[in-house]
Amino acid sequence: MLTSQFLTYVAFFVLSAIALIGAFLAVTLRNLVRAALGLILSFMGVAGIYFVLEAEFVAIVQVIIYIGAISVLILFAIMLTRGLMTSAASTQNSQWIGAAFVGMLMFAVLFFVAITTNWPLAQPHTISDLIPRLGADLVTTYLLPFEAVSLLLLAALIGAIVIARE
Amino acid sequence: MPIDYLPILVMVVVVVAFAAIALTLSSLTGPRHPTAAKLEPYESGMPPFGSARRRISIKYYLTAVLFILFDIEIIFFYPWAVLFRQLKLFGLVEMGVFVLILLIGYVYVWRKGGFNWD
Amino acid sequence: MIPLQFYLIVAAILFCLGLFGALARRNAVAILMGIELMLNAVNINLVAFWRYVKPAAPTMDLAGQIFALFVVTLAAAEAAIGLALIIAIYRSRDTVNVEDVDLMKW
């Protein structure tokens with residue numbers, strides 16, 4: 001299965017490139033609407049990486065929630081707060097060099113940890129009946145977080161409506 | 001296996017190639033007589049008015065918030081619904097609690113007039 | 001099989017790009033976009049660990065994916081509230097530039 005292996009590698013590198021290029025555009029572009037479109041590109045790349053990892057449900061959730069809902073919310077927020085992005089003022093603040101340094105330092109640390117740690121690896125996990133298993137775990141092992149999420153959503157719903165309404 | 005997605009990859013390649021070829025060919029071979037009316041942005045047949053760069057109303061944001069918060073529920077509803085029969089009454093009661101708590105928010109938004117457009 | 005480290009490195013780059021965005025941007029919405037990128041990077045790590053690393057207990061063998069799903073839920077709630085706050089700030093102070101929102105600075 002050499003070709004299958006090879007194609008998986010190709011898919012992984014292409015999708016990673018999409019995710020990283022999108023992220024780079026999202027944090028550097030001056031026009032915020034374009035930056036948000038770069039963010040959507042990045043979300044799509046990440047969803048593809050989930051498919052390569054055989055976590056299909058998370059990938060679909062990524063598409064539905066991140067691309068379908070959060071991106072729309074961000075675009076609406078940009079359109080609601082216009083004015084700043086049409087001006088010629090720089091979109092980066094004065095500490096951007098320090099921020100770049102912190103980012104690179106953080107990357108160096110994470111890279112070092114990822115390479116040198118001896119991870120307790122197992123045979124790659126595949127679950128054939130993934131979604132029923134998720135459902136069973138949600139209402140047994142993860143019952144408390146599951147119910148807590150409904151409270152979180154209730155608080156977010158009421159909070160967002162109260163804060164955003166005029 | 002990721003290799004099972006090969007047909008989707010083939011479809012993506014074909015779709016992108018088709019769109020690229022169709023657009024390139026028509027822009028290369030088609031005649032071009034631009035007029036002011038032809039260069040206007042297309043707004044489903046309506047004459048366009050105003051700038052696209054003005055601020056939109058907050059109502060759109062509130063609708064999007066309602067959408068996102070009820071959209072998240074599918075993460076939890078879908079795996080539960082697949083297994084609904086095996087979980088029996090226990091699963092039903094748990095999901096009932098989940099929905100009941102969210103229903104409080106729904107009623108609140110309703111009473112607050114969040115669903116009214118004007 | 002793609003080694004686990006490849007995923008971790010991609011996630012690390014994504015996280016640091018998001019960190020840079022969150023630290024260097026002026027616009028509050030752009031800062032929130034950086035935070036969303038960081039959450040995405042964390043999710044890649046969680047799912048990659050789910051696939052490659054031995055679970056602590058047999059009942060926990062879906063923990064990575066379930067964690068990722070809860071992170072997505074939190075990210076959505078956070079985006080809804082955070083953007084609502086930004087809109088409220090914009091309405092009262094007419095700016096979304098975080099450097100101009102310095103009422104509590106000393």
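Guide: Domain bounds are those of an automatic or database domain assignment. In this predicted model, such an assignment divides chain A into domain 1, residues 1-83, and domain 2, residues 128-166.

Visitor: What is the distance between the C-alpha centres of domain 1 of chain A and domain 2 of chain A?

Guide: The C-alpha centres of domain 1 of chain A and domain 2 of chain A are 23 Å apart.

Visitor: Which residues of chain A and chain C take part in their contact, and how many are there on each side?

Guide: Chain A contributes 72 residues and chain C contributes 66 residues. On the side of chain A, helices H1 (2-28), H2 (32-52), H3 (56-80), H4 (96-116), H5 (130-139) and H6 (143-164) each supply at least two residues, and H4(A) gives the most, with 12 residues. By class, this side of chain A holds 56 nonpolar, 12 polar and 4 charged residues.

Visitor: Why are H2(A) and H2(C) called roughly parallel to each other?

Guide: The angle between H2(A) and helix H2 of chain C, residues 28-52, is about 5°, and their axes are 11 Å apart. Angles under 35 degrees count as roughly parallel, and therefore H2(A) and H2(C) are described as roughly parallel to each other.

Visitor: Which residues make the contact of H2(A) with H2(C)?

Guide: From H2(A) the contact includes Leu32(A), Ala35(A), Leu39(A), Phe43(A) and Tyr50(A), and from H2(C) it includes Val29(C), Ala30(C), Met33(C), Glu36(C) and Asn40(C). Sorted by class, the contact of H2(A) with H2(C) has 14 nonpolar, 2 polar and 1 charged residues.

Visitor: What makes H1(A) roughly parallel to H1(C)?

Guide: H1(A) packs against helix H1 of chain C, residues 4-24, at an angle of about 10°, with the axes 9 Å apart. Since that category takes angles under 35 degrees, H1(A) is roughly parallel to H1(C). Among the residues that make this contact are Phe12(A), Ala19(A), Leu20(A) and Phe24(A) of H1(A), together with Phe6(C), Val10(C), Leu17(C) and Gly18(C) of H1(C). The classes in the contact of H1(A) with H1(C) are 13 nonpolar, 3 polar and no charged residues.

Visitor: Why does Ala30(C) count as buried?

Guide: A residue is buried if 20 or more other C-beta atoms lie within 10 Å of its own, and Ala30(C) has 28 C-beta neighbours inside 10 Å, so Ala30(C) meets that condition. Ala30(C) lies in helix H2 of chain C. Apart from its neighbours within four places in sequence, Ala30(C) is in contact with Leu32(A), Ala35(A) and Thr91(A) of chain A, and with Gly21(C) and Arg25(C) of chain C. The C-alpha atom of Ala30(C) is separated by 9.9 Å from that of Asn97(C), although these two residues are 67 residues apart along the chain.

Visitor: Why is Trp119(A) described as partly exposed?

Guide: Trp119(A) has 14 other C-beta atoms within 10 Å; burial requires 20 or more and exposure 12 or fewer, so Trp119(A) is called partly exposed. Trp119(A) is in the loop between H4 and H5 of chain A, and, leaving aside its neighbours within four places in sequence, Trp119(A) is in contact with Leu4(C) and Val53(C).

Visitor: What makes the phi of Glu54(A) and the phi of Asp94(C) worth noting?

Guide: Most residues other than glycine have a negative phi. Glu54(A), which is not glycine, has a positive phi near 60°, and Asp94(C), also not a glycine, has a positive phi of about 65°. Glu54(A) is placed in the loop between H2 and H3 of chain A, while Asp94(C) is found in the segment after helix H3 (63-93) of chain C.

Visitor: How many residues of chain B are in contact with chain C, and of which classes are they?

Guide: On the side of chain B there are 7 residues, in contact with 7 residues of chain C. Helix H3 of chain B, residues 58-71, gives the most to this side, with 5 residues. The side of chain B that touches chain C has 7 nonpolar, no polar and no charged residues.

Technical notes. Residues are numbered from 1 along each chain as its sequence is written. Chains are lettered from A and ligands numbered from 1 in the order in which they are written. This is a predicted model: local features need pLDDT of at least 70, side-chain atom pairs count only at pLDDT 80 or more; totals for chains, interfaces and linings use all residues. Two residues are in contact if their C-beta atoms, placed from the backbone, lie within 7 Å. Helices (H or I, at least four residues) and strands (E, at least two) are DSSP runs, numbered from the N terminus. Ala, Val, Leu, Ile, Met, Phe, Trp, Tyr, Cys and Pro count as nonpolar, Asp, Glu, Lys and Arg as charged, and the others, Gly among them, as polar. Axes are lines fitted to C-alpha atoms, for helices over the stretch in contact, and angles run from 0 to 180 degrees between N-to-C directions. Angles under 35 degrees count as roughly parallel, over 145 as roughly antiparallel, 65 to 115 as roughly perpendicular and the rest as oblique.
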